[in-house]
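Subject: Structure handover

Hello,

Here is the structure I said I would pass on. Please have it open while you read the notes under it.

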Amino acid sequence: MSDYIRQWLMIIENMNNDNTYKLAWGRAILECIVEEKTIQRIITFEKIACKMLKYYWNQIDFFHLKQSPGKKPIIVQETEKCIDYVQQKRNSRIPIWFDKAEIYLKEDPVFYQKKIQKIANTLTHDVSWRFMNVNGKSLDIYRLDLKKKEIIFTEEQIMDLHEYAFVLSQLLNYRWAQLLEKFNNCPKIASKVKGISDEKIRRNNLTKYKDILLLQMKQGKIIDFYTGSSLKENEISLDHVIPWSFMYSDDIWNLVITSKSNNSRKSDSIPSKNIIKRLEDRNIELLNDIPQTSKYYKELKQAIDNNYVEKFYLSLKL
């Protein structure tokens with residue numbers, strides 16, 4: 001391992017952050033370098049700003065993760081303005097992956113460029129030079145041109161970063177998750193941080209749970225969990241009572257049968273205490289209908305024994 005990579009490790013190890021700017025900045029640099037087919041020594045702040053907007057978009061729009069304990073950082077504020085803009089253009093508040101949202105942003109290049117410039121200016125005033133500081137000493141990991149809003153690397157530095165980009169990115173993800181855990185109470189934060197640059201966030205097909213949930217339906221009637229009304233089979237939709245964006249997982253104890261229209265209308269709203277109590281009762285009833293040899297029986301029993309519904313609901317409310 002080169003001395004240059006050791007400097008990067010020193011920076012990551014000694015980060016004392018009250019927001020996630022440095023972590024996003026470091027990750028964006030590595031992603032920009034890895035994407036290049038040739039050795040590109042100069043990275044513009046605008047390119048880094050686009051990456052950071054993507055990271056924050058996916059964490060905020062999908063998972064509602066706070067990026068600091070107090071006042072929202074400027075980059076988060078600008079990201080939320082972009083999210084609001086795209087939601088208005090789509091006439092929908094259903095989250096979408098940034099790569100799809102960017103299509104709507106590019107339809108208004110003046111608006112989009114203004115937001116990227118605002119983020120780039122924030123990086124100029126704060127993150128770009130602070131990232132290199134460790135215990136009052138500035139490490140020489142890139143040359144900074146604040147006037148041109150660029151960072152410049154030597155060819156040797158680029159080659160080192162290509163070789164160690166994956167390891168450094170994983171360490172940045174780990175520190176990012178550690179920081180978010182201080183001011184977010186939701187589960188699987190590490191997985192949510194890791195997923196912000198994946199091709200897309202995949203929500204699994206829930207069809208496999210349908211037959212298990214239908215076991216509880218008596219006399220051939222399919223009942224909407226929320227409304228109590230009868231449903232036809234082609235109207236069925238499965239819903240996460242505690243929102244998927246909070247849980248980031250599909251669990252039999254958190255899934256119920258509802259109508260497609262009601263599921264769409266509910267979106268990521270927080271359930272009432274009454275709904276939570278009904279979910280707890282439903283789980284006990286469902287446990288009696290599932291064969292004890294089924295893996296779902298074991299999962300459901302574990303959830304009931306450990307009071308998962310109430311625990312995760314209380315965390316969601318915090």
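The notes below cover a pair of helices and then a sheet with a helix packed on it.

Keep in mind that this is a predicted model.

Helix pair

Start with helix H2 (residues 21–35) and helix H7 (residues 155–183), whose axes come within 9 Å and cross at roughly 150°. Angles over 145 degrees count as roughly antiparallel, and H2 and H7 are therefore roughly antiparallel to each other. Their crossing is left-handed.

On the H2 side, the contact is made by Leu23, Ala24, Gly26, Arg27, Leu30, Ile33 and Val34. The residues that H7 brings to this contact include Ile158, Leu161, His162, Ala165, Trp176 and Leu179. Sorted by class, the contact of H2 with H7 has 12 nonpolar, four polar and two charged residues.

Sheet

Three strands make up an open sheet, in the order E1-E5-E4, and their pairing is antiparallel. Strand E1 (42–44) and strand E4 (143–145) are at the edges; each has a single partner strand, so one side of each has no neighbour in the sheet. On average, neighbouring strands here are turned by 20° against each other, direction ignored.

E4 pairs with strand E5 (residues 150–152) over three bridges, in the antiparallel sense. In E5, Glu150 is the residue opposite Asp145.

Helix H3 (residues 45–63) packs on the sheet and touches E1, E4 and E5. The direction of H3 makes about 60° with that of E1.

Regards

Definitions and conventions:
Residues are numbered from 1 along each chain as its sequence is written. This is a predicted model: local features need pLDDT of at least 70, side-chain atom pairs count only at pLDDT 80 or more; totals for chains, interfaces and linings use all residues. Side-chain values use heavy atoms; hydrogens and water are left out. Axes are lines fitted to C-alpha atoms, for helices over the stretch in contact, and angles run from 0 to 180 degrees between N-to-C directions. Helices (H or I, at least four residues) and strands (E, at least two) are DSSP runs, numbered from the N terminus. Angles under 35 degrees count as roughly parallel, over 145 as roughly antiparallel, 65 to 115 as roughly perpendicular and the rest as oblique. A crossing is left-handed if the near helix is turned anticlockwise from the far one by less than a right angle, and right-handed if clockwise. Contact means heavy atoms within 4.5 Å. Ala, Val, Leu, Ile, Met, Phe, Trp, Tyr, Cys and Pro count as nonpolar, Asp, Glu, Lys and Arg as charged, and the others, Gly among them, as polar. Two strands pair if DSSP finds at least two bridges between them.
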